[in-house]
Amino acid sequence: MYTLLHGFYKYLVQKDEYCVLILGLDNAGKTTYLEAAKTKLTKNYTGIHPSKITTTVGLNIGKIEIAGIRLNFWDLGGQSELQSLWDKYYAESHAIIYIVDSSDRDRIDDSKETFDKMIANENLRGVPLLVLANKQDIPECMGVREVKPIFNKNAHLIGKRDCMVMPISALTGDGVDEGIKWLVDCIKRNSFIRPARNHEEN
Ligand code: G3D
């Protein structure tokens, strides 16, 4: 009887768990984005003040429960010496969020080169991809119309996966939840190729 009840309890509380990598050059706004996502989508989470957020060095982790699933975010450091660690996480990931600093024209080619290298990796084949043109609150930034063609240039590397380029401001939170909601649908659709890791709540 206990086994039966325990099994039923597990069935009720179990949540499908998925891993989302947050990538991009250093200073793109990855840590700010993760904080904004948690603030927007986690009840009673008030967040860290932007002035207290420091650039990603190593790894920041966050989780969000949304639409009956749990997303585990891994925000990986973007400095060139840390980029070599990214591919250790690819096989485990269910989606990629790639953050671009739209106000930094000097580093856009660098960002695109890093993006191409990442997206060409076999372990990411078919994984949904959300490219975020961040810092849209800065008046002279590149709009999504300018960023999109740059990142779509090597369409063969992107392949047939779900892919979207969206404008956001991690600082103000504009566009943050729309992107995650889009990604959740893609992750669920792709789960027959990359199944969830089931998680039992304590
Ligand atoms: P990283 O984790 O990718 O390295 P951070 O980047 O999240 O640490 O952000 C780097 C800097 O960009 C921070 O400024 C942060 O406030 C700023 N930033 C992040 N997102 C936005 C945005 O949407 N708009 C604007 N205007 N700024 C943003 P500081 O001054 O602390 O270096």
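Guide: Thr31 is found in helix 2, where a helix is a DSSP run of H or I with at least four residues, numbered from the N terminus. This is a predicted model, in which local features need pLDDT of at least 70, side-chain atom pairs count only at pLDDT 80 or more, and totals for chains, interfaces and linings use all residues. Residues are numbered from 1 along each chain as its sequence is written, and side-chain values use heavy atoms, with hydrogens and water left out.

Visitor: Why is Thr31 called buried?

Guide: Buried means under 20% relative accessible area, exposed over 50% and partly exposed in between, with a 1.4 Å probe and protein chains only. Thr31 has a relative accessible area of 14%, and therefore counts as buried. The unreviewed UniProt entry also places the feature "binding site" at Thr31 and Thr56, although such annotations may be inferred rather than shown by experiment.

Visitor: At what angle do helix 2 and helix 8 pack, and what makes helix 2 roughly perpendicular to helix 8?

Guide: Helix 2 (residues 30–41) and helix 8 (residues 176–189) pack at about 85°, with their axes 9 Å apart. Angles of 65 to 115 degrees count as roughly perpendicular, so helix 2 is roughly perpendicular to helix 8.

Visitor: Which residues of helix 2 meet helix 8?

Guide: Tyr33, Ala36, Ala37, Lys40 and Leu41 in helix 2 meet Val176, Asp177 and Ile180 in helix 8, contact meaning heavy atoms within 4.5 Å.

Terms used:
Axes are lines fitted to C-alpha atoms, for helices over the stretch in contact, and angles run from 0 to 180 degrees between N-to-C directions. Helices (H or I, at least four residues) and strands (E, at least two) are DSSP runs, numbered from the N terminus. Angles under 35 degrees count as roughly parallel, over 145 as roughly antiparallel, 65 to 115 as roughly perpendicular and the rest as oblique.
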